[in-house]
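Me: I would like to learn how to read a protein model feature by feature, beginning with the overall fold and then moving to the details. Could you take me through this one?

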Amino acid sequence: ATYDGPEGFNDDERLGFNAVASTRDLVETYLAAFEVIHTKGNAEGVMCSYSSLNGVPSCANSFLMKEKLRNEWNSNSYVVSDWGAVEAE
């Protein structure tokens, strides 16, 4: 799974999980439901996960946040981070 990692992961392993997926797999399998809730359901908010996608943290992933959410789906929804996804030093 791109969000959680393989079953059996503990919390520490999930926090550092890097999901590796092709653009095609992301669009056709994982992002299809999110596209519908933003383009047809007018979702007001979305939460980025604490895991990374193809080496980029989800909350800082321009493919997810800018290209898909803002540009392609034309969403103005707010974005919040999952617990521990963004840490201040």
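Reply: Let us begin with the inventory of secondary structure, keeping in mind that this is a predicted model. The chain contains 4 helices and 5 strands, and when it is read along the sequence these follow the pattern α-β-α-α-β-β-β-α-β.

Me: How do I read a sheet, and which strands stand at the edges here?

Reply: In general, strands of a sheet pair through backbone hydrogen bonds, either parallel or antiparallel. In this model an open sheet of 3 strands has the order 1-3-4, with mixed pairing. Strand 1 and strand 4 (56-57) stand at its edges, each with a single partner strand, so one side of each is left without a neighbour in the sheet. Strand 3 (residues 52-53) pairs with strand 4 in the antiparallel sense over 2 bridges, and Leu53 has Val56 of strand 4 as its bridge partner.

Me: What should I look for in a disulfide, and which cysteines form one here?

Reply: The structure holds 1 disulfide, formed by Cys48 and Cys59, whose sulfur atoms are 2.0 Å apart. Because the torsion about their S-S bond is about 90 degrees, the disulfide is right-handed. Cys48 lies in strand 2 and Cys59 in the loop between strand 4 and helix 4 (62-72), so the pair ties together parts that are 11 residues apart in sequence.

Me: Is Cys48 buried or exposed, and how does Cys59 count?

Reply: The working cut-off is that buried means under 20% relative accessible area. Cys48 has 5% and is therefore buried, whereas Cys59, at 23%, counts as partly exposed. For the chain as a whole, 29% of the 89 residues count as buried.

Me: Finally, how do I judge contacts between residues that are apart in sequence?

Reply: Take the contacts between residues at least 6 apart in sequence: in this chain, 65% of them join residues at least 24 apart. As a separate example of distance, the C-alpha atoms of Ser22 and Asn54, 32 residues apart along the chain, are separated by 8.6 Å. Ser22 lies in the loop between strand 1 (18-19) and helix 2 (23-30), and is partly exposed at 43% relative accessible area.

Note on methods. Residues are numbered from 1 along each chain as its sequence is written. This is a predicted model: local features need pLDDT of at least 70, side-chain atom pairs count only at pLDDT 80 or more; totals for chains, interfaces and linings use all residues. Side-chain values use heavy atoms; hydrogens and water are left out. Buried means under 20% relative accessible area, exposed over 50%, partly exposed in between (1.4 Å probe, protein chains only). Two strands pair if DSSP finds at least two bridges between them. Contact means heavy atoms within 4.5 Å. A disulfide is a pair of cysteine sulfur atoms within 2.5 Å.
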